[in-house]
Amino acid sequence: MSATIQETLLDLFQQVIADPDRIPAVPIDVWPEDSWQRSLLTRFRDMLTRMRQSKRQAEEQLREREEQYRSIFEATSDGLIIRDRDGFVVEANPAACNMHGYAYEEFLGLHRTDIIDPKDHAMVAEYMKAIQAGHSFLGQAVDLRKDGTPFTVEVRGTTFTYQGKPHTLSVLRDITERVQAQQLLEQRVEARTRELSSLLEISHTVASTLQLKPLLGLILDQLKLVVDYTGASIFTVEGEDLVFLDGRSPTPEEQLRQMRFPLQRLGLLWETITSHESILLPDVRDDSPLSQTVRVAMGQRMVITFHDVRACLFVPLTLKDRVMGMLALTSSEAGAFTPHHATLTMAIANQAAIAIENARLYAQAHALAALEERQKLARELHDSVSQALYGISLGAHAARSALSREPAEVAEPLDYVLMQAEVALAEMRSLIFELRPESLETEGLVSALSKQAAALQARHAIAVATELCDEPDLLLTVKEDLYRIAQEAMHNTVKHAHASHVDLRLDQLPGGITLEVRDNGSGFDTAASFPGHLGLQSMRERITNLEGTLQIESTPGQGTTIRAYVPAGT
């Protein structure tokens with residue numbers, strides 16, 4: 001019987017192995033009811049039943065899980081691509097197919113190089129190297145759609161077992177919009193940086209030069225970097241007209257300089273500009289009131305000279321709420337200018353207004369300085385040279401009279417004439433040098449000081465003793481400052497000290513050079529203050545700039561000594 005139960009169990013095992021999904025019939029009834037064989041076969045049958053139930057449950061769970069995974073695989077918006085180790089697509093979700101513009105059947109079997117931009121094939125090698133080393137991969141690539149259109153994807157890759165074999169799983173996310181947004185942001189940042197750099201360059205130039213023509217040219221060139229215009233013109237108000245000042249245009253400048261518009265003829269255009277508002281005309285040839293005003297103001301120039309102009313941008317040149325002119329931009333493309341361009345151009349126009357005003361003030365100050373210099377020269381000529389010439393005239397008349405009456409007495413008036421002529425010559429040399437300080441460069445400091453001493457002696461009858469070394473080897477600017485210090489010191493001798501004698505010395509020492517002016521005048525208290533007297537302050541500022549020292553020694557009633565020392569190498 002034992003052999004029989006063994007054979008029965010062996011047969012049952014063979015049936016289970018042959019067909020795991022079917023529970024074989026267990027011959028329980030052939031054994032007695034209380035036999036151990038029947039009990040053994042009953043337990044065996046129950047075990048097979050439980051195993052079958054567990055298997056069905058496991059299969060059901062596996063089916064549910066597969067359905068879940070498949071649902072996720074199909075529904076995810078990211079592209080999922082399973083490739084074999086050779087790089088061919090064996091499975092893909094709808095998102096991957098749609099992303100690349102292929103039908104599911106078309107997508108299967110494609111090689112990875114079929115859908116990746118050739119420029120990024122080098123990235124594929126990095127991808128495979130990471131996967132083969134057992135690592136995951138994260139990168140960015142440009143894929144190609146079926147029609148050849150490129151788009152940017154973020155790629156995540158990892159190893160993946162599919163149908164019992166090693167594969168690679170690639171997760172793709174279309175980031176084209178994100179990349180485009182980033183590129184747009186970078187372009188805006190670059191444009192903003194360029195705009196700020198242009199404004200900074202213009203501000204720096206406006207603050208560093210007063211030459212209007214090159215300055216306005218630089219402003220317009222910098223404006224071109226941030227606002228792509230065809231033509232740009234700067235106009236300023238002169239009386240009742242708006243006059244061309246400078247510009248950048250294909251039109252010859254000779255024609256542009258002829259542009260002069262009566263303000264009353266500009267009508268609505270000038271009313272808008274004087275209200276501190278910009279005017280943006282997408283197409284100057286449309287029927288808007290402002291476009292019509294521009295065409296009327298331009299007249300025949302609109303047809304002949306500016307026939308290709310479409311878009312226009314006008315902004316006021318404003319300084320302290322005062323409109324002093326207008327900056328006009330033109331383009332051959334309709335709609336070329338935007339409100340942002342108007343805002344940017346307004347900022348640059350304000351810089352142009354400052355430049356124009358600075359140049360005007362500089363010219364005004366230059367003219368005033370020239371007038372003051374002419375008036376000073378007139379006074380000097382009147383006080384010295386003209387009096388000397390008058391004395392020469394009187395002496396000549398006296399000599400002429402003596403020649404007819406007493407020839408022996410002619411010598412005295414002739415000596416007087418010669419003395420006055422020498423005085424006039426010294427005065428003229430001094431005045432010419434003051435008008436032409438560049439003579440320092442050609443004649444030197446020693447010659448300049450000698451002429452100054454001679455002029456002082458001739459003009460004011462003050463005895464001047466000079467002790468001057470050989471021409472020192474100094475920079476021209478240092479020589480000019482020393483000359484001005486000596487000039488101011490001798491001027492103070494005449495104006496304040498009322499001296500009768502002056503000593504002027506220039507000594508070349510091993511460590512530097514010393515200029516000394518000493519007089520026997522009234523002197524003063526060096527500790528006292530002298531409001532409104534800027535001569536001493538001017539001398540101190542000059543010597544400080546030269547990194548030298550200035551000593552002033554004076555006592556009331558005992559004269560004054562001014563000693564300036566400039567170290568070598570200054």
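Mentor: Start with helix H17 (residues 476–497) and helix H18 (residues 535–545): their axes come within 10 Å and cross at roughly 160 degrees. That makes H17 roughly antiparallel to H18. The model is predicted, so local features need pLDDT of at least 70 and side-chain atom pairs count only at pLDDT 80 or more, while totals for chains, interfaces and linings use all residues. Residues are numbered from 1 along each chain as its sequence is written, and side-chain values use heavy atoms, with hydrogens and water left out.

Some terms next. Helices (H or I, at least four residues) and strands (E, at least two) are DSSP runs, numbered from the N terminus. Axes are lines fitted to C-alpha atoms, for helices over the stretch in contact, and angles run from 0 to 180 degrees between N-to-C directions. Angles under 35 degrees count as roughly parallel, over 145 as roughly antiparallel, 65 to 115 as roughly perpendicular, and the rest as oblique.

Back to the pair. H17 passes H18 in a left-handed crossing (the near helix is turned anticlockwise from the far one by less than a right angle; clockwise would be right-handed). On the H17 side, the contact (heavy atoms within 4.5 Å) uses Asp481, Arg484, Ile485, Glu488, Ala489 and Asn492. They meet Gly535, Leu536, Met539, Arg542 and Ile543 of H18. By class, this contact of H17 with H18 has five nonpolar, two polar and four charged residues. Here Ala, Val, Leu, Ile, Met, Phe, Trp, Tyr, Cys and Pro count as nonpolar, Asp, Glu, Lys and Arg as charged, and the others, Gly among them, as polar. An α-helix has 3.6 residues a turn, so residues three or four places apart point the same way.

Now H17 itself. It has 22 residues and reaches 30 Å from its first C-alpha to its last. That is close to the 32 Å expected at 1.5 Å a residue (1.5 Å times one less than the number of residues). His498 follows H17, and its phi is positive, near 55 degrees.

H17 has another partner. The axes of helix H16 (residues 445–460) and H17 come within 10 Å and cross at roughly 15 degrees. That makes H16 roughly parallel to H17. The crossing of H16 and H17 is right-handed. H16 contributes Leu445, Ala448, Leu449, Gln452, Leu456 and His460. H17 answers with Lys479, Leu482, Tyr483, Ala486, Gln487, Met490 and Val494. The residues of this contact divide into nine nonpolar, three polar and one charged.

Strand S15 (residues 549–554) and strand S16 (residues 560–567) run antiparallel, joined by six bridges. Two strands pair if DSSP finds at least two bridges between them. Glu553 stands opposite Thr561 in S16. Five residues lie between S15 and S16, and Gly557 in the turn has a positive phi of about 85 degrees.

S6 (residues 231–238) and S7 (residues 241–248) run antiparallel, joined by seven bridges. Thr236 stands opposite Val243 in S7.
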